[in-house]
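Subject: Structure handover

Hello,

Here is the structure for your files. Please open it next to this message. My notes follow below.

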Amino acid sequence: MFEKFDILVIGAGPGGHAAAVWAARHGTRVAIIERQGWGGTCTHRGCIPTKALLACSRRYAQMKNLGRMGVSVADPSFDFAAMKRHQEQIVKISSLGVQKSLKETGVEMKSGEGRIISPGEVEWTAPDGRRERLSARNLVIAWGSEPALPPGVQPSERILTSDGLLSLRTLPESLLIVGGSVIGVEFATLFAELGVRVTLIEMMGQLLPGEEGEAAALLARELKNLRVAVHTGMRMETIRETGSGVQLLAVSDAPGAETRQAQDPPGAHPPDKGNGDPYGIRPAGTLDLSADYALICTGRRPRFSAEELNALGIRHERRGIVVDARQMTNVPGIYAVGDVTGGMMLAHRAMQQGKGLAARLCSGREIRCPEEAVPSVVYTHPQIARVGLTEEEALRKGIAEIHRADFAANITARTVLLGPGFVKLLFDREKLAGATIAGDQAGELIAPLSLAMAAGLDRRQLEEWIIPHPTLSEVLGL
Ligand SMILES: Cc1cc2nc3c(=O)[nH]c(=O)nc-3n(C[C@H](O)[C@H](O)[C@H](O)COP(=O)(O)OP(=O)(O)OC[C@H]3O[C@@H](n4cnc5c(N)ncnc54)[C@H](O)[C@@H]3O)c2cc1C
């Protein structure tokens, strides 16, 4: 006898969790299978542990800069082991929260592996090896994503993915980061604030490729102030473990690598070459770098078995399972949400897709996930947040209406010494088409602009927005 459900979800990350809870709230019979950790990548190896650690490093860094406000703290210090306990505690709270909401809404939770046998039929393998067949009218794939390493690179004791770095129990003295996108710059901030010598290489010409050049430049300056050695336009050629660390050779395909290094401020620490050339630059534009550990964060890929999908006839590409705007795969009754579908790999996008799918399946109600209104936040110090177009994209499309405001002109930012920052709003024939915020609390400030984008607000409507004074939010006012 098969156990029967209306909806069966595989994977309890943000996407699967949202789909299950929203479906159960509509009174449908829902089950969810999770093999690793309730809450998925976000809770255990992504958003939550990184932000818990960044909160610690931030507080520590701020303690050292309170003198300007007349506050003195004698000899600030930190205990990395206690920071790790904070990380673990917050991860536990997040995971328990996920489990509580599933239980409270009546979702049947099944620990273990789920394997789709045919549309409507799943084999569940419990942790003790027991197998059971489950059936459901609708199946939701929410398998998530995993780190994608460059060809020939394997994780090891000292060559780590973000999963491995988050598991380190002791603070390294030095760290090499390969990849200057979101994960790379967040870890660079965290470890540099704790005094680790960080060197970061990025293949493209700027950090955060895809974000506004001006925002990326501001972040690069702040990282250099933290003594991070940032090398853009450098591609990892080889990496190997030595007895006590890692050694990496990076090459520049573009001319002018030497010039760029020469512009590094005096604070940027040089990699330890010991040959009189502080950056180890050879005439051809190569860098020899060494450190205790290396973090490889060159991207993530959807987590799926092509074999399993092929056997079911589910269309997939390298970037993910192919779905339509309603999260339907090409096989009736099988849906997919979140990172496994590719595109912007963000927790809140996965949640919105899961919620929208459940609402559609259970009530016929439409809850959309408009891509242009999905905000993204880089939790560096300062943060970089965006929704919609960047200035570069806008200019390429011939949209030239740009409103700009600087944190320096906002009295709250000045009062609490927030540091540098700016807001840029882009309008396309008076309609808000994008916004980039660089600066402290950018992640909080972007939320109302994401709502404005989703609601299709125009310049006149934003002019009617009354913002309390004095607040940092006034920086958003027209
Ligand atoms: C270091 C790092 C920092 C990040 N920070 C942020 C951030 O600040 N903000 C943000 O929005 N995003 C962030 N992300 C991305 C975010 O974590 C993902 O976008 C999000 O978790 C995707 O949710 P998901 O539901 O698609 O998949 P996941 O969270 O990956 O969950 C998928 C789940 O499915 C389970 N599963 C897979 N296959 C099976 C199977 N066959 N049977 C049973 N279970 C299965 C897995 O065990 C996993 O728990 C970060 C990611 C990383 C790595």
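First, a term. On a 1 Å grid over the protein atoms alone, a pocket is an open set of points where a 1.4 Å probe fits, with protein on both sides within 12 Å along at least five of seven lines, whereas a cavity is a set from which the probe cannot get out; lining residues have an atom within 4 Å of a point. This is a predicted model, in which local features need pLDDT of at least 70 and side-chain atom pairs count only at pLDDT 80 or more, while totals for chains, interfaces and linings use all residues. Residues are numbered from 1 along each chain as its sequence is written, and side-chain values use heavy atoms, without hydrogens or water.

**Second largest pocket**

The lining of the second largest pocket counts 26 residues. Nearest the centre are Arg58, Ala61, Gln62, Asn65 and Glu222. Helices H3 (47-63), H6 (182-193) and H7 (213-225) are the elements that each give two or more residues to this lining. H3 gives the most, with three residues. Helices here are DSSP runs of H or I with at least four residues, strands are runs of E with at least two, and both are numbered from the N terminus.

The pocket holds about 740 Å³ of space. That volume is the space filled by probe spheres set on the grid points, which are joined across faces, edges and corners. By class, the lining has 11 nonpolar, seven polar and eight charged residues. Ala, Val, Leu, Ile, Met, Phe, Trp, Tyr, Cys and Pro count as nonpolar, Asp, Glu, Lys and Arg as charged, and the others, Gly among them, as polar.

**Salt bridges**

How many salt bridges does the structure hold? There are 32 (a side-chain nitrogen of Lys or Arg within 4 Å of a carboxyl oxygen of Asp or Glu).

Take Lys51 and Glu186: their closest N and O atoms are 2.8 Å apart. Glu186 is buried, at 7% relative accessible area, and Lys51 is partly exposed, at 25%. Buried means under 20%, exposed over 50%, and partly exposed in between (1.4 Å probe, protein chains only).

Arg349 and Glu371 also form a salt bridge, at 3.0 Å from N to O. Arg349 sits in helix H10 (residues 347-363), and Glu371 in the loop between H10 and strand S20 (376-378). Arg349 is buried at 6%; Glu371 is partly exposed at 36%.

Asp406 and Arg404 meet at 2.8 Å.

**Aromatic pairs**

The structure holds two aromatic pairs. Rings of Phe, Tyr and Trp (its six-membered ring) pair if their centres lie within 6.5 Å; planes under 30 degrees apart count as stacked, over 60 as edge-to-face and the rest as tilted.

Tyr60 and Phe78 have ring centres 4.9 Å apart and planes at 70°, so they are edge-to-face. Tyr60 is in H3 and Phe78 in the loop between H3 and helix H4 (80-104), 18 residues apart. Phe187 and Phe191 are stacked, at 6.3 Å centre to centre and 25° between the planes. Both lie in H6, four residues apart, and both are buried.

**Cysteines**

A search of the whole structure finds zero disulfides (cysteine sulfur pairs within 2.5 Å). For Cys362, the nearest cysteine sulfur is that of Cys369, 18 Å away.

Best wishes
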